[in-house]
Amino acid sequence: MTTLPRGGGPARALVAVEASIEDRWRRFLDEYGVTAGTEAENDLAELVVADTSAFEWRVVDAALDRLACDDCGNALGAGPTGCGKCDQANGFRFAAIETDRPATPPGTEHGLRVATAVARTRHRYGVRARCGFELGLPLLLQGELSGTAQAQAYRAAINKLTEEECERVTSFDEVTRLSSRRVR
């Protein structure tokens, strides 16, 4: 499980999303009659990664977690930026199927998937991107999707924070409070 240094609601939301990824993988293994921890599981993960567009994003993320990058040794897609195989796998991650949950605005599942990818591989993204996506996790998990104006306001507020503040805040309310004290 990934631990977010910022803690709070974003960390709890990431734990819940990661649990949903693992739960979906267990069900996926059952659908194919595959036992966890076997060579067949590894083969199935490789099958998923070979065509990420054919599978739901949670299945793709779980498959990537189970495969090691031949070049850097990290989970595939989670290595340092500049690792060609991880860069490619991370990009292919976003071809996976996204199905919005019932009673959520269109695009909520895409937002949740992107925010999850950023939070799980935070070293691959800049401090301000991490801040925005990680703070959005709890809202997206609850089925809320900010409109364009709200998202732009959050981004403008985040841009007023120092990098240290970006790493420390645990809510958009905190971002707004801190950013209202300064002009940038």
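Reader: Hi! Which residues form the aromatic cluster here?
Author: In this predicted model, one aromatic cluster is made up of Trp25, Phe28, Tyr32 and Phe55.

Reader: Nice. And how many aromatic pairs does the structure hold?
Author: There are four aromatic pairs. In one of them, the ring centres of Phe28 and Tyr32 are 4.8 Å apart and the planes sit at 50°, so this pair is tilted.

Reader: How far apart are Phe28 and Tyr32 in helix α1?
Author: They are four residues apart in α1, which covers residues 8–32, so about one helical turn separates them.

Reader: Is Phe28 buried or exposed? And what about Tyr32?
Author: Phe28 is buried, at a relative accessible area of 3%. Tyr32 is partly exposed, at 46%.

Reader: Okay, another pair: why do Tyr154 and Phe172 count as stacked?
Author: Their planes are at 5°, and planes under 30 degrees apart count as stacked. The ring centres of Tyr154 and Phe172 are 3.8 Å apart.

Reader: Which helices hold those two?
Author: Tyr154 is in α7 (residues 148–159) and Phe172 is in α9 (residues 172–179), so the pair links distant parts of the chain, 18 residues apart. Both Tyr154 and Phe172 are buried.

Reader: Back to α1, what does it reach from its first C-alpha to its last?
Author: Helix α1 has 25 residues and reaches 37 Å, close to the expected 36 Å.

Reader: What covers the buried residues of α1?
Author: The cover includes α2 (39–50), α3 (57–66), α5 (108–120) and α6 (127–141). Among the buried residues of α1 are Leu14, Val17, Ile21 and Trp25.

Reader: And what follows α1?
Author: Gly33 does, with a positive phi near 65°.

Conventions
Residues numbered from 1 in each chain as written. Predicted model: local features only at pLDDT ≥ 70, side-chain atom pairs only at ≥ 80, totals over all residues. Heavy atoms only, no water. Phe/Tyr/Trp six-rings, centres within 6.5 Å; stacked < 30°, edge-to-face > 60°. Buried < 20%, exposed > 50% of the residue type's maximum accessible area, 1.4 Å probe, protein only. Expected span 1.5 Å × (residues − 1). Contact = heavy atoms within 4.5 Å.
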